[in-house]
Amino acid sequence: MTGAFDDLLAANTTFASTFTGSQLTGRAARGLAVVTCMDSRIDPLGLLGLQPGDAKILRNAGARVTDDVLRTLVLAVFLLGVTRVLVMPHTDCGMAKVTDEDVHALARAHDIDTRSLEFRTVPDQDAALRHDLTRIKASPFLIEELAIGGAIYDVHTGKLQPVELP
């Protein structure tokens, strides 16, 4: 693994020389899991006042609660000390600017057939967030006591706008 990753390997050498995280256990010290987008403008630990080891961070395009996110939340709850989940999409999200068909067309332009994939684009962020919160709450695989919250992160101001379920 060289060439395209040399800068990352060099940065890791520097990081490892002062690494102090060996005492962390892998459990969520603050009992929190955060489902957020893969957008590189989001620093979930920093914007929530957290430190490494405080929370489980689950990231995907659009911060969607997919089957894999539910699977991961089950593991986080029963194995890693998670007692609360924050679902946190964000403003100016690329997933809110395209449709699944748009993405399929982009791939087709490269002779790649993506019709077997569901991209879960987000035409209405508020509705998608409420749907995903309800999906967690209704999951038969998670405990009723699990605290579930949602908020939209504004990438231009750094502020969270809470979204409540009825």
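A: By class, eight nonpolar, three polar and three charged residues line the largest pocket (nonpolar: Ala, Val, Leu, Ile, Met, Phe, Trp, Tyr, Cys and Pro; charged: Asp, Glu, Lys and Arg; polar: the others, Gly among them). The model is predicted, with local features needing pLDDT of at least 70 and side-chain atom pairs pLDDT 80 or more, while totals for chains, interfaces and linings use all residues. Residues are numbered from 1 along each chain, and side-chain values use heavy atoms, without hydrogens and water.

Of the 14 lining residues of the largest pocket, L133, K137, L146, I148 and L165 lie nearest its centre. Two elements, α5 (125–138) and β4 (147–153), each give two or more residues to this lining (DSSP runs, helices of at least four residues and strands of at least two). The volume of the pocket is about 190 Å³. A pocket is an open set of 1 Å grid points with protein on both sides within 12 Å along at least five of seven lines; in a cavity a 1.4 Å probe fits but cannot get out; lining residues have an atom within 4 Å of a point.

The whole structure has one cavity of 30 Å³ or more. The largest cavity holds about 40 Å³ of space. G62, A63, R64, V87, P89, V122, Q125, A128, L129 and D132 line the largest cavity: six nonpolar, two polar and two charged residues. Helix α5 supplies the largest share of this lining, four residues.

Helix α5 also contains R130 and D126, four residues apart, about one turn of the helix.

Note on methods. Grid points are joined across faces, edges and corners, and a volume is the space filled by probe spheres set on the points.
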